[in-house]
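Colleague: I should like to go through the reasoning behind the terms used for this model. Please set each value against its criterion.

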Amino acid sequence: MAGILDLLNSDLGKQIVSGVAGSTGTDSSKTSSVLTMALPVLMKAMERNAATPEGAQSLQNALENKHDGSILDNLGGLFGGGVDESVKQDGAGILSHILGAKQQGVEQVIGQKAGLDAGSVANILKVAAPLVMGMLGKQKKEQNVNSSGDLTGLLGGLLGGSSASNEQNFLEKILDADGDGSVIDDVAGMFLGGDKKSSGGGLGGMLGGMFGK
């Protein structure tokens, strides 16, 4: 199976990068850099959430109803007149559910690596999140995924199909940060040679029901 980063490099992925860059007024190469780091993080977070029956069911429901992949059918219309505010609000909700209290820290870390401020990263991810869910919904449909086990396998395949080990290490480090409220300290240690904190938990324990109330 193609990994999420392989999908990002496909024609569809390039169209998404170009559209997100245009709609947020961000350089295409920086937008691509942000998404290359962020998409595996979001996938890993969803995979962890889908490991519980409740999390898997709520994700199944979201992919079958709101995020079935149809958003990808008319990207020209989506990006043509500027992305609708409702799409951005949907994206903000998705990010909040997935990342919880760690969202700002994740955006800051990715911004530091991509050479953007956290606000620009947040804008990119708000537009991209519904598209990522659409990509997931499309894959779910194409592969006829109906059970929670199959859904976890789909998410794992999208992660495992990627050959970008640096990004894999990056997302593991963010998601396994020690929960002290500062993702930046944890991840900066990885990239800048600081001490690696060893305690687990962090984001993994903070991924509340992605679409649950």
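Colleague: What makes the reach of helix α9 close to the one expected?

Modeller: This is a predicted model. Helix α9, residues 148-160, has 13 residues, and its first and last C-alpha atoms lie 18 Å apart. At 1.5 Å a residue the expected value is 18 Å, so the reach of α9 is close to expectation.

Colleague: Which residues of α9 are buried?

Modeller: Leu-151, Leu-154, Leu-155, Gly-157, Leu-158 and Leu-159 are buried in α9. The term requires a relative accessible area under 20%.

Colleague: Why is α3 called roughly antiparallel to α9?

Modeller: The axes of α3 and α9 cross at roughly 155° and come within 9 Å. Angles over 145 degrees count as roughly antiparallel, and therefore α3 is roughly antiparallel to α9. The crossing of α3 past α9 is left-handed.

Colleague: Which residues make the contact of α3 with α9?

Modeller: On α3 they are Pro-40, Met-43, Lys-44, Met-46 and Glu-47. On α9 they are Thr-152, Leu-155, Gly-156, Leu-158 and Leu-159. By class, this contact has 6 nonpolar, 2 polar and 2 charged residues. Leu-155, Leu-158 and Leu-159 of this contact are also among the buried residues of α9.

Colleague: Which residues bring α3 and α7 into contact?

Modeller: Lys-30, Ser-33, Val-34, Met-37 and Ala-38 of α3 meet Ile-110, Lys-113 and Ala-114 of α7. In this contact of α3 with α7, 5 residues are nonpolar, 1 is polar and 2 are charged.

Colleague: How do you know that the span of α7 agrees with its number of residues?

Modeller: The 12 residues of α7 should span 16 Å at 1.5 Å a residue. The end C-alpha atoms of α7 are 16 Å apart, so the two values agree. After α7 comes Gly-115, with a positive phi near 80°.

Colleague: Why is Gln-103 called buried?

Modeller: Gln-103, which lies in helix α7, has a relative accessible area of 19%. The cut-off is under 20%, and therefore Gln-103 counts as buried. Leaving aside residues up to four places away in sequence, Gln-103 touches Leu-95 and Ser-96.

Colleague: What makes Asn-144 count as exposed?

Modeller: The relative accessibility of Asn-144 is 56%. Exposed means over 50%, so Asn-144 falls in that class. Asn-144 lies in the loop between α8 (118-142) and α9. Its phi is near 55°, a positive value in a residue other than glycine.

Colleague: How many helices and strands does the protein chain have, and what share of its residues is buried?

Modeller: The protein chain has 12 helices and 0 strands. Of its 213 residues, 48% count as buried. Among contacts between residues at least 6 apart in sequence, 78% join residues at least 24 apart.

Conventions. Residues are numbered from 1 along each chain as its sequence is written. This is a predicted model: local features need pLDDT of at least 70, side-chain atom pairs count only at pLDDT 80 or more; totals for chains, interfaces and linings use all residues. Side-chain values use heavy atoms; hydrogens and water are left out. Contact means heavy atoms within 4.5 Å. Helices (H or I, at least four residues) and strands (E, at least two) are DSSP runs, numbered from the N terminus. Ala, Val, Leu, Ile, Met, Phe, Trp, Tyr, Cys and Pro count as nonpolar, Asp, Glu, Lys and Arg as charged, and the others, Gly among them, as polar. Buried means under 20% relative accessible area, exposed over 50%, partly exposed in between (1.4 Å probe, protein chains only). Axes are lines fitted to C-alpha atoms, for helices over the stretch in contact, and angles run from 0 to 180 degrees between N-to-C directions. Angles under 35 degrees count as roughly parallel, over 145 as roughly antiparallel, 65 to 115 as roughly perpendicular and the rest as oblique. A crossing is left-handed if the near helix is turned anticlockwise from the far one by less than a right angle, and right-handed if clockwise.
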